[in-house]
Amino acid sequence: MIRKANCKINLGLDVLRRREDGYHDLQTVMFPVEGLYDIVEVSRGDLCGAEFRSEGLVIDCPDDKNLCLKAFRLMHDRYGVDGVRIRLDKRVPFGAGLGGGSSDATAVILALDELFDLRLDEQTLIGLAAELGSDTAFFVRNTPQLCEGRGEVMTPVDIDLKGLWLVMVKPDEGVSTKDAYSGVVPAVPETPLVERLTLPVWCWQGVVTNDFEESVFALHPVIARVKERLLKAGALYASMSGSGSTVFALFDSEEAVSSLRDETPYIFRL
């Protein structure tokens, strides 16, 4: 069983408040990017447990931290699934704010649900995915969602970006999520994010914002320069995705993105 585990971008990200459990309440709209994905293959194996093999981009991650194996262990403990092979063809950059690892984990959950004919309902699948991280639940629905709480509370939103061009640039530098949060001052904006997103895309810049940018740009000026470069190239809107380090931009024509093709392979028509 083969699944395409696509990534996502964040259209705005507001850090509202710090919670008593140490997490933060967020508001963000996650938007799926179907053009960039990992391939996750799950099949029955001959041995107990899970055999895991990774290819493509090298993942420097011990098994106890690997989200694909965490997803298997969760499904094993809850539903007794056992004896599987998991092959990951890694294509989405990691540590990039694109949710690649979260998407992979959710793909394993969905594949095991189908492979073992568990027939779990959507809310159960969302609950399982949410146990593995803040972004994982989104990929169960994999459609534009307003994500709140830690990111696991979702409401569908109607955002149509069809016809626009998406450019994503992943700098060599990575961003520590801990460092990104450490520099944020939580605040509730006067106008909710979903209301700001009803404006035309060309009105988003400076209005639909990512609260992580200020602290991340201070620590990693190269990421700020990437955003500036995309805006100078004629982007309607540019922003960092999640806690970085990927910066994405929306353009209204192929001609506008032509000058960027030598700088990034991640250019897609939405």
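The model is a predicted one. The sheet has 4 strands with antiparallel pairing, and helix H8 packs on it. The count of salt bridges comes to 20.

**The sheet**

- The open sheet runs in the order S8-S9-S7-S10, and its strands pair in the antiparallel sense.
- Strand S8 (237-240) and strand S10 (266-269) are the edge strands; each has a single partner strand, so one side of each lacks a neighbour in the sheet.
- From one strand to the next, the twist averages 15°.
- Strands of a sheet pair through backbone hydrogen bonds, in either a parallel or an antiparallel way.
- Strand S7 (residues 165-169) is paired with strand S9 (residues 247-251) over 5 bridges, in the antiparallel sense.
- In this pair of strands, tryptophan 165 stands opposite phenylalanine 251 in S9.

**Helix H8**

- Helix H8 (residues 221-232) packs on the sheet and touches S7, S8 and S9.
- The direction of helix H8 makes about 5° with that of S9.
- Within helix H8, glutamate 228 and lysine 232 lie 4 residues apart, about one turn of the helix.
- Glutamate 228 and lysine 232 form a salt bridge, with the closest N and O atoms 3.2 Å apart.
- Glutamate 228 counts as partly exposed because its relative accessibility is 40%, whereas lysine 232 is exposed, with a relative accessible area of 67%.

- Aspartate 14 forms a salt bridge with arginine 196, and their closest N and O atoms are 2.5 Å apart.
- Aspartate 14 belongs to strand S1 (residues 2-18) and arginine 196 to helix H6 (residues 193-196), so this pair ties together parts that are 182 residues apart in sequence.
- Both aspartate 14 and arginine 196 are buried.

**Other salt bridges**

- Arginine 17 and aspartate 25 meet through their side chains in a salt bridge, at 3.3 Å from N to O.
- Arginine 17 is partly exposed, at 39% relative accessibility.
- Aspartate 25 has a relative accessible area of 16%; buried means under 20%, so aspartate 25 is buried.
- A network of salt bridges links Glu41, Arg53, Glu55 and Arg87.

Definitions and conventions. Residues numbered from 1 in each chain as written. Predicted model: local features only at pLDDT ≥ 70, side-chain atom pairs only at ≥ 80, totals over all residues. Heavy atoms only, no water. Pairing = 2+ DSSP bridges. Helix = DSSP H or I, 4+ residues; strand = E, 2+ residues; numbered from the N terminus. Axes fitted to C-alpha atoms, helices over the stretch in contact; angles between N-to-C directions. Contact = heavy atoms within 4.5 Å. Salt bridge = Lys/Arg side-chain N within 4 Å of Asp/Glu carboxyl O. Buried < 20%, exposed > 50% of the residue type's maximum accessible area, 1.4 Å probe, protein only.
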